[in-house]
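Reader: I'd like to learn how to read cavities, helix faces and overall shape in a model like this one. Could we go through it together?

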Amino acid sequence: MSSSTIGILIAIVTYLGMMLYLGFRYSKASKSSGEFYLGGRQLGPYVTAMSAEASDMSSWLLLGIPGLAYVSGICDAAWTAIGLAIGTYLNWLLVAKRLRHYTEVCGDSVTVPDFFENRFRDKSHLLMGISSVVIVVFFVPYTASGFAACGKLFSSLFGVNYMTAMIVSAAVIVAYTAMGGFLAASTTDFVQSIVMTAALIFMLIFGISMSGGVGQAYDFASSMPGYLSMTHLFDSETQSAVSYGGPLAIASTLAWGLGYFGMPHILLRFMGIQDPKKLKVSRRVGSIWVVIAMFIAILIGVLGLTMVHAGNLEGVADSERILIAMATRLSSFGILPALLAGVVMAGILACTMSTCDSQMLAASSSVSENIIKGVFGLKVSEKGSILIARGTLIVISIIGVIMARDPDSSVFQIVSFAWAGFGGAFGAVVLCALFWRRANRWGALAGMIGGGVMVFVWKFAIKPMGGVWGIYELLPAFLTSLILIVVVSLLTPAPEQEILDEFDKVKAIKD
């Protein structure tokens, strides 16, 4: 085994060991389902901020976005990043504090489906049941994308079997999440955000150095038609610029930001902070980190292509492996650079794990708390509830591994579809539940179902038509959901006075 491989392996094993230690440490703190799923609302402002953003970023931060920039230029990646940056800030500004107060006042809700049912007093359990199914349906492929990223990483690094690498990675994620629940997931996500930051900084410095400097990289990127354009893509086959699609295409890409309002694993962080007054600190820290991280990720893609052009890096067939290829090149310079490369590889794992643990936790809570106990009304003890939750984590991970068995699956495309699913089904419902007094359960049901269905209809039936129809499915799904909520709520009876009084109570909270 070469010194470079040993250095990378030491860094990765150390990182994985730290994650398992944190899971074990917090295993004793999760004695009830409320503590397991929401940590007893004990998160501090910095853990809230960075765990929310780390769980948000997923593997596409270090694989998907650099891959997009590497293969087609900055346009698609940049508009996506801008939309996400705006969505991140608005989610913290508009949703975080109101949701934290509302979920506590409204039946002390510990999951997003709990909140929907309690907010609209839905005794039929339809809102809880449907929202739980939506979470499971979209989180499983989302989790699968994370496992795929782990498989790509280890197969590229060590030449091990893709499936074997993926299964081992999944086992580690399940282990620390099942042991420690929400507190373990949030604390590990905080640590993982630090590792991700280190990975970005190391590769930015290395990429600039190996490209001959910023000026050299800029000159080369500028020489490729459309590569640095915000309105065109670079076509590597024809070596020409291709139109991105005009204002409509840009608007639909910016609509990535709408997805934040419906992301259960991010909303849970808002619900779990200990002191709502500290959310302003969380907002600033989280928003600034997201902007810087995505900007560097795009630059890394550009620098990777420049390194290939300069002869300092071999090209990659799968653009999403460009960061892995750059880190492998770094490891060839000796044991210390190999350790730094190992941190970069751990950063890729951190991106993946920080999202997978949160997603599996949200999905398991939907099954054990909301479907088994809420919808079917089964009486389960606290110990039994946690056992069911942990069992659900294992089942979801197995399904995710099966779905990600294709090593050529695109991390970015899988994440894109799942993101649209949550934004379309939940985004408008969450906003109306928090800010529209007249919204009722029939409107929420119509919006949730209509938005979720539209994601599939637009993705598989309308978008293939191309042209103006080829926009990102999240935008039409979100708008469909919003229209249905408003129309159906106005056509059906107004909410009961108890619901209106509760809305006014939450609105009056000023801290």
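Author: A cavity here is a set of points, on a 1 Å grid over the protein atoms alone, where a 1.4 Å probe fits but cannot get out, and lining residues have an atom within 4 Å of a point. Keep in mind that this is a predicted model, where local features need pLDDT of at least 70, side-chain atom pairs count only at pLDDT 80 or more, and totals for chains, interfaces and linings use all residues. Residues are numbered from 1 along each chain as its sequence is written, and side-chain values use heavy atoms, with hydrogens and water left out.

Reader: Which elements give two or more residues to that lining?

Author: Helix H6 (112–120), helix H11 (264–272) and helix H14 (335–375) do, and H14 gives the most, with 3 residues. Helices are DSSP runs (H or I, at least four residues), as are strands (E, at least two), numbered from the N terminus.

Reader: How much space lies in the largest cavity?

Author: About 40 Å³. The volume is the space filled by probe spheres set on the grid points, which are joined across faces, edges and corners. There are 2 cavities of 30 Å³ or more.

Reader: How do I read the faces of a helix?

Author: An α-helix has 3.6 residues a turn, so residues three or four places apart point the same way. Take H9 (residues 214–223): its buried residues (under 20% relative accessible area, 1.4 Å probe, protein chains only) are Ala217, Phe220 and Ala221. Seen down the axis of H9, they fall within an arc of 100° (from the directions of the helix axis to the C-beta atoms), so they line one face of the helix. On the other side of H9, Tyr218, Asp219 and Ser223 are exposed, meaning over 50%.

Reader: What do the buried residues of H9 pack against?

Author: Helix H12 (279–309).

Reader: Is threonine 253 buried or exposed?

Author: Buried, with a relative accessible area of 6%. Threonine 253 sits in helix H10 (residues 246–254). Setting aside neighbours within four places in sequence, threonine 253 is in contact (heavy atoms within 4.5 Å) with Asp76, Trp79, Thr80 and Tyr244.

Reader: And the chain as a whole?

Author: Buried residues make up 60% of its 511 residues, and the C-alpha atoms fill a box of roughly 70 × 50 × 40 Å along the principal axes.

Technical notes:
On a 1 Å grid over the protein atoms alone, a cavity is a set of points where a 1.4 Å probe fits but cannot get out, and a pocket is an open set with protein on both sides within 12 Å along at least five of seven lines; lining residues have an atom within 4 Å of a point.
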